[in-house]
Amino acid sequence: MMTVDTYSLSEVIRVAEIHPFYNSDTKYPPDPEAIQKALQASPTEPKHTELSLQPLLKKNDIYRVIKRLTNDTNPRNEYRRSVYISTTGGGSGGLPLMFATDTVENRKHRAVFGQFLNTCGVVEPHDWVLTTHTSGFLYRSLDLISEIFENAGASVLCAGSRMDAAEAVHCLINYRANVLTGDSSQIIHIVHHISTLPAEQRSEVRINKVVYTSDLMTPTQRTYISKILGAVKILSILGSAEAGPYAISNPDLTGNCASSSRDFVFDTRTMLIEILHSSTLTEDPSCRCGGKSVPEGEQGIIVQTSLQRLRNPLVRYITGDVGSIHPMPEAAAGIIPKSELKHFRVLRLGGRDRRFSFKWFGEYFNFEEIENLMQTEGSGILQWQLILDSFDSSPQSTLEVRILRAAAGEGILASETFVDMINTFFFVFPENQHLFKVNFLNYLEGFEKSSTGNKVMKLVNRFD
């Protein structure tokens with residue numbers, strides 16, 4: 001039986017009403033006395049329990065409040081008191097978000113999520129895990145993941161992101177580690193190195209699980225991992241600086257998705273997830289509420305409410321992802337105890353909300369279409385990145401496509417055919433050829449990464 005240490009929705013909403021994330025008339029987050037007073041007050045309006053009546057929390061709005069609170073050293077500023085500081089890399093190179101969580105809440109969260117990993121079969125007590133997650137430069141993923149896995153019962157080798165691939169593989173072999181974890185680009189980096197080893201040395205790698213974080217792996221990446229490592233389970237953890245880790249992907253529970261989407265399991269006792277219609281973000285800005293959720297199974301905008309955050313609540317936070325909610329498959333009943341299964345749901349994550357694009361040489365390119373291109377059958381793409389820059393300091397923009405591909409083999413497009421496909425997609429003609437480049441890389445070191453998370457950024461915009 002999992003131990004779930006959470007707050008009620010009513011408690012979270014009451015604190016949110018007196019917190020500057022949601023109340024512009026409030027300068028600082030409430031102190032412990034104010035929180036207790038709010039929790040003890042008798043609700044007089046239905047909004048204390050009706051989630052759909054609460055305002056939506058947008059990323060840009062919370063960024064502005066967090067920046068102000070982070071820089072304010074007034075002793076009355078509760079945001080800076082006894083907090084676990086988590087940063088996120090900003091996606092396309094923007095300034096990182098500094099999200100502060102109460103230190104006690106954070107430790108409880110890690111303990112509960114560790115038990116969740118164990119319950120869902122992601123981690124077992126005899127697992128030895130090597131993690132390549134990032135630490136330092138304000139980033140915390142290494143200690144977060146290590147503690148969560150230990151709470152799940154595993155033994156952890158903290159390789160970190162600065163240990164080179166050869167040394168990490170040596171540790172995998174030397175300590176008989178059976179689980180490799182890291183963000184998706186780090187996993188590909190290690191597996192790519194393993195592919196270059198002699199067959200005798202490669203056979204000494206005994207990985208049976210890969211647990212990745214960060215961006216969803218493409219079908220090509222997953223196929224590549226299976227080709228190099230053999231019969232290996234590919235699992236994932238979903239989380240963010242704002243919400244912390246909150247869902248896991250385990251095909252044993254949900255089956256394999258046929259599309260580029262991915263099924264994650266979450267516990268409704270720790271996280272409430274609403275799926276809102278895509279028109280929600282284009283409605284009258286004077287309307288602060290987003291209405292009710294779409295029917296189960298319908299895709300839309302993912303909105304989170306954490307039941308593990310009280311001091312700095314996360315209520316109806318727009319994640320920037322799209323997805324849908326589904327019941328747990330019957331197959332999961334044979335793995336997860338019935339007492340726990342009734343609280344679990346499936347979040348089918350479709351990826352980032354790609355209703356934005358970038359412009360190059362007079363054309364707009366949509367990210368969803370680009371991601372589909374990069375997953376074209378036979379492309380063999382393991383990692384990709386777009387870089388917008390200026391041409392000799394002129395008003396013209398250049399576009400560079402950096403690519404790491406699997407080794408040539410059966411079913412892999414020839415380089416010339418592949419380049420023709422890329423050129424066709426981006427409308428490359430003689431008149432703009434000098435502004436466009438396809439750059440084939442052999443290692444991940446050639447990609448630009450976020451300054452905090454050390455993650456490969458899909459778009460690096462130096463032009464704007």
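Biologist: How many salt bridges does the structure hold?

Modeller: The structure holds 19 salt bridges. This is a predicted model, in which local features need pLDDT of at least 70 and side-chain atom pairs count only at pLDDT 80 or more, while totals for chains, interfaces and linings use all residues. Residues are numbered from 1 along each chain as its sequence is written, and side-chain values use heavy atoms, with hydrogens and water left out.

Biologist: Why is the contact between R64 and D61 called a salt bridge?

Modeller: The term needs a side-chain nitrogen of Lys or Arg within 4 Å of a carboxyl oxygen of Asp or Glu. The closest N and O atoms of R64 and D61 are 2.4 Å apart, so the pair meets the definition. Both residues lie in helix 3 (residues 59–71), three residues apart, about one turn of the helix. Helices are DSSP runs of H or I with at least four residues, strands are runs of E with at least two, and numbering starts at the N terminus.

Biologist: Is R64 buried or exposed, and how do you know?

Modeller: Buried means under 20% relative accessible area, exposed means over 50%, and partly exposed lies in between (1.4 Å probe, protein chains only). R64 has 55%, so it is exposed. D61 has 33% and is therefore partly exposed.

Biologist: Why is the aromatic pair of F113 and F116 called tilted?

Modeller: Rings of Phe, Tyr and Trp (its six-membered ring) pair if their centres lie within 6.5 Å; planes under 30 degrees apart count as stacked, over 60 as edge-to-face and the rest as tilted. F113 and F116 are 5.7 Å apart, centre to centre, with 45 degrees between the planes, so the pair is tilted. Both residues lie in helix 4 (residues 103–119), and both are buried.

Biologist: What makes W360 and F436 a link between distant parts of the chain?

Modeller: W360 is in strand 14 (residues 357–360) and F436 in strand 18, 76 residues apart. Both are buried. Ring pairs link W360, F365, F425, F426, F427 and F436 into a cluster.

Biologist: How do you know that the charged end of R405 sits over the ring of F418?

Modeller: NZ of Lys or CZ of Arg must be within 6 Å of the ring centre and within 35 degrees of the ring normal. The charged end of R405 sits over the F418 ring, 4.3 Å from its centre.

Biologist: Why do strands 16 and 19 count as paired?

Modeller: Two strands pair if DSSP finds at least two bridges between them. Strand 16 (residues 381–390) and strand 19 have three bridges, in the parallel sense, so they count. One of the bridges has L388 with N461 as its partner in strand 19.

Biologist: What makes strands 18 and 19 edge strands?

Modeller: The open sheet has the order 18-17-16-19, with mixed pairing. Strand 18 (436–441) and strand 19 (459–461) each have a single partner strand, so one side of each is left without a neighbour in the sheet.
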